Amino acid sequence: MRFYFLSSSPCALKLSGAYFGTVNDFERFIDLTPKDNIFAEFIPCGAQPVCFFINENIRFCPPENCEVYLLPNAVALYVKRFPPSDSVLRPHVQKTFDDTLITVFSQGEVQVSLQSALGFFVRSLPPCFANCELSFHGGLFFLETPNQLLALTKTGDLVLDEKVLEYSFQSDTLTAVLP
């Protein structure tokens, strides 16, 4: 069976201990037999590796931090995130809106916390939000970067996560141009 390998960050790929090459968002492939129980290692620079066995179960139970795509005659394995090697707490931006304190911080990965009378909520974010602006419009909290916009409810539910070319707020209306 043909297996395609992709990752969100450039990394080295080892299959059963043998170096296979580098993997990134351009797919690499090899024909494998899942019954052979091949040990796959995706080794990035500056983060912990993602490792798992390629066997019959991979089509039904994706490894942690990975997505598995079933193609007509193949399987694509995409490592979407790598566990961080740094776990130091680093606050990036913090702001209070009425009764809600919102904080964007890194502790391994970029995260946002919302603290209010409704409770305390934490959500992981894409790395680009380490440098963002915070705003509140129409009952939603917005995390803004020059090319990405994310909106959360007061209970931390994600309602918008889009790449944007430009955007603006007028009253409680968001207007955005998406790529």
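The largest pocket has a volume of about 550 Å³, a volume being the space filled by probe spheres set on grid points joined across faces, edges and corners. Its lining takes in 21 residues, and Arg81, Phe82, Gly108, Glu109 and Pro127 sit closest to the centre. A pocket here is an open set of points on a 1 Å grid over the protein atoms alone, where a 1.4 Å probe fits, with protein on both sides within 12 Å along at least five of seven lines; lining residues have an atom within 4 Å of a point. The lining splits into 10 nonpolar, 7 polar and 4 charged residues, with Gly counted as polar and Pro as nonpolar.

The model is predicted, so local features need pLDDT of at least 70 and side-chain atom pairs pLDDT 80 or more, while totals for chains, interfaces and linings use all residues. Numbering runs from 1 along each chain as its sequence is written, and side-chain values use heavy atoms, without hydrogens or water.

Thr103 belongs to strand β10 (residues 100-107), strands being DSSP runs of E, at least two residues long, numbered from the N terminus. Thr103 counts as buried because its relative accessibility is 11%, and buried means under 20% relative accessible area, exposed over 50%, partly exposed in between (1.4 Å probe, protein chains only). Beyond neighbours within four places in sequence, Thr103 is in contact with Val93, Gln94, Gln111, Val112 and Ser113 (heavy atoms within 4.5 Å).

Asn24, in turn, lies in the loop between β3 (18-23) and β4 (28-31). Asn24 is partly exposed, at 24% relative accessible area.

Notes
Helices (H or I, at least four residues) and strands (E, at least two) are DSSP runs, numbered from the N terminus.
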